[in-house]
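I opened this model to look up its fold, its surface and its cores. My entries follow the order in which I checked them.

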Amino acid sequence: PKPGAPIPDAPIPGGRKLILWVDTFSDHFSPEIAAAAADVLTQLGWQVVLPKKRLCCGRPLYDFGLLERARELLVNVLDDLADDIAAGVPLVGLEPGCLSVFKDELLKQLPDHAQARRLSAQTFLFSDFVVREPFDWPKLDAEVVVHGHCHQKALFGMQGDTALLERLGVKWKLLDTGCCGMAGSFGFNAEHHALSEKIGEDTLFPAIRSAAAHTIVLADGFSCREQIEQGT
C-alpha cells in the first residue's frame, strides 16, 4: 500500500503491531524523539516493538561507495524482520534519510527480492502513518514553520506533516527551501563547510531568523535540525 492506504492488522491478539525504526541519530542524539513517537503510537492503539538486533539501513556507506557492504546490511534487515514483513507488520520511522532507503534504494539493491518489495510497501514516515489514524488530536496554540527534508520531498511528500499540523490546529507555513546544506555528513567536512553555510544562507537561514521568537521550527531530518540550530 502507498502511504495513507489502510494497512492490514498484524495477527496479534488484542492489539496491532508495528516496528518502530529508531535510526542511529534518534538512538544516540535525540532519544526523546523516539520515546515520544513510541508514546504517540501506543496512544493510537499500536503495539510498538523494536528490531531484536541493532540494524542499519546502510545509507552512510553510499557516500563512500561501499555498495556491497550496504547491500549486506539490507539483507540483514530483511532476514531479521522476515516474519514481521511476511505478516504485513508496518515499519514506521522518524528519519527520512533512512526511510527513503527502504522505499527506494532497497528495491534497486535487491530488485528480485520479494521481501524487499513487501518491506518497501510497508514502510511509512511517522507523520504519514499517524495522520490517518482515527484520534481526537489535542489542539496546540502555536505558530510553526516547516522545513522539508530533501529525501522526504522526493519520495514521500510533505502532505502527512501539513495534514497533522492542521489536525492540531496550529498556524503553519511550509518554507520554500531546498537543501539545508548539511546533507548528512557533508557540512561537517572541513572542505565543504563554507559551501554548506552558503547553501543554508540562500533561503533557509534568513527564513528562520525572520520568524518570531516563539515560532516552532519543525524539521524531521537530524542533519537539517543540526544545520538550522548551528546556523541560526
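I am working with a predicted model, where local features need pLDDT of at least 70, side-chain atom pairs count only at pLDDT 80 or more, and totals for chains, interfaces and linings use all residues. Residues are numbered from 1 along each chain as its sequence is written, and side-chain values use heavy atoms, with hydrogens and water left out.

**Shape.** I looked up the secondary structure and found 13 helices and 7 strands in the protein chain (DSSP runs: H or I of at least four residues for helices, E of at least two for strands, numbered from the N terminus). The radius of gyration, over C-alpha atoms, is 18 Å; the globule rule gives 17 Å for 232 residues, so the chain is as compact as a globular protein of that length. That rule is 2.2 Å times the number of residues to the power 0.38. The C-alpha trace spans about 50 × 45 × 25 Å along its principal axes.

**Burial.** I find 46% of the 232 residues buried, meaning under 20% relative accessible area (1.4 Å probe, protein chains only).

**Cores.** I took a nonpolar core as buried Ala, Val, Leu, Ile, Met, Phe, Trp, Tyr and Cys residues joined through side-chain atoms within 4.5 Å. The largest has 26 residues, and W21, L91, F102, L106 and L119 have the most contacts inside it. β1 (16-21), α3 (59-62), α4 (67-80), α6 (96-109) and α7 (114-121) each give two or more residues to this core. Apart from it lies another core of 23 residues, including A37, L41, L168 and V170.

How values were computed: Buried means under 20% relative accessible area, exposed over 50%, partly exposed in between (1.4 Å probe, protein chains only).
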